[in-house]
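Welcome! Take a moment to look over the model shown here, and then let us walk through it together.

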Amino acid sequence: MKRIVLLLVLLIASVALFAGEPVKGIGAGISTGIPFHIGAIGEYNFGPAYASLEMGYSTGSEFMVRAGGGYNFQKPFTNSDWGMDLYLSVGGYLGGYLTLSGGKLYASGSFGIPVTWSWYADKIPLKVFVQAGPSLTFGSGYTYLGFSGTAGAMYVFSL
């Protein structure tokens, strides 16, 4: 995991933090977050909105699948101290989790409303994002309201 973070930092530093415009197209990359999960993410950004699919491993030996989407705000939020443009998106996701424990298969689900901040590199079609928001987890005899956060990066194939 430390190698992935180091690689991501070096990749971002190599483009000298010059911000680019959002790229419309299909993105593929990696993500991690809290509650702990790590996986592969795919996204189709068609301008004013996006759709995403994430699959991976989650806390408690769970297989995770998340499908979501959201609205992209077109104007960047500029931070002159950092010299970078951040783009805001608001959306939602529906997730499913499968756990094998004691020879039994358990299923649960979640619904979340994340806010996403994205940065696009100038020279290469790279998107780095952080998203956070409330989530409702249900199934297997429990329901609770919590908080989820995800960070990741993806290469975007322009269409």
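## Two hairpins

Let us begin at a turn. Gly 47 takes a positive phi near 100 degrees in the hairpin of E2 and E3, where three residues lie between the strands. This is a predicted model, so please read every value below as computed from it. One place to look is Ile 41, which stands opposite Glu 54 in E3.

Strand E3 also takes part in a hairpin with E4, again with three residues between the strands. In that turn, Gly 60 has a positive phi of about 80 degrees. E3 and E4 (residues 62–72) run antiparallel and are joined by 10 bridges. Here Gly 56 has Met 64 in E4 as its bridge partner.

## The overall layout

The protein has one helix and 10 strands. Reading from the N terminus, the order of elements is α-β-β-β-β-β-β-β-β-β-β.

Of the 159 residues in the protein, 40% are buried. Among contacts with a separation of 6 or more, 49% come from residues 24 or more positions apart. The protein exposes about 9000 Å², and carbon and sulfur atoms supply 71% of that area.

## Aromatic pairs

How many aromatic pairs does the structure hold? There are seven aromatic pairs. One of them joins Phe 77 and Trp 117: the ring centres are 5.3 Å apart and the planes are at 75 degrees, so this pair is edge-to-face. Because Phe 77 lies in strand E5 (residues 77–79) and Trp 117 in strand E8 (residues 115–120), the pair ties together parts that are 40 residues apart in sequence. Phe 77 counts as partly exposed because its relative accessibility is 40%, and Trp 117, at 35%, also counts as partly exposed.

Tyr 87 and Tyr 120 form another edge-to-face aromatic pair, with 5.9 Å centre to centre and 75 degrees between the planes. Tyr 87 belongs to strand E6 (residues 84–101) and Tyr 120 to strand E8, so this pair links parts that are 33 residues apart in sequence. Are these two tyrosines buried or exposed? Tyr 87 has 4% relative accessibility and therefore counts as buried; Tyr 120, at 6%, counts as buried as well.

## Charges over rings

Two tyrosine rings have a charged neighbour to look for. The charged end of Arg 66 sits over the ring of Tyr 93, 4.5 Å from its centre. Lys 127 lies over the face of Tyr 50, at 5.9 Å from the ring centre.

## A closer look at Ser 89

Our last stop is Ser 89, which is found in strand E6. With a relative accessibility of 6%, Ser 89 counts as buried. Leaving aside residues up to four places away in sequence, Ser 89 touches Tyr 50, Tyr 71, Asn 72, Phe 73, Pro 114, Val 115 and Thr 116.

Which side chain makes a polar contact with the side chain of Ser 89? The partner is the side chain of Asn 72, at 2.7 Å. Phe 73 is 16 residues away from Ser 89 along the chain, and the C-alpha atoms of these two residues are separated by 5.9 Å.

Key
Residues numbered from 1 in each chain as written. Predicted model: local features only at pLDDT ≥ 70, side-chain atom pairs only at ≥ 80, totals over all residues. Heavy atoms only, no water. Phe/Tyr/Trp six-rings, centres within 6.5 Å; stacked < 30°, edge-to-face > 60°. Helix = DSSP H or I, 4+ residues; strand = E, 2+ residues; numbered from the N terminus. Buried < 20%, exposed > 50% of the residue type's maximum accessible area, 1.4 Å probe, protein only. Lys NZ or Arg CZ within 6 Å of the ring centre and 35° of its normal. Contact = heavy atoms within 4.5 Å. Polar contact = N/O pair within 3.5 Å; in protein donor to acceptor, adjacent residues only side chain to side chain. Pairing = 2+ DSSP bridges. Areas by Shrake-Rupley, 256 points an atom, 1.4 Å probe, with all protein chains shown as cover.
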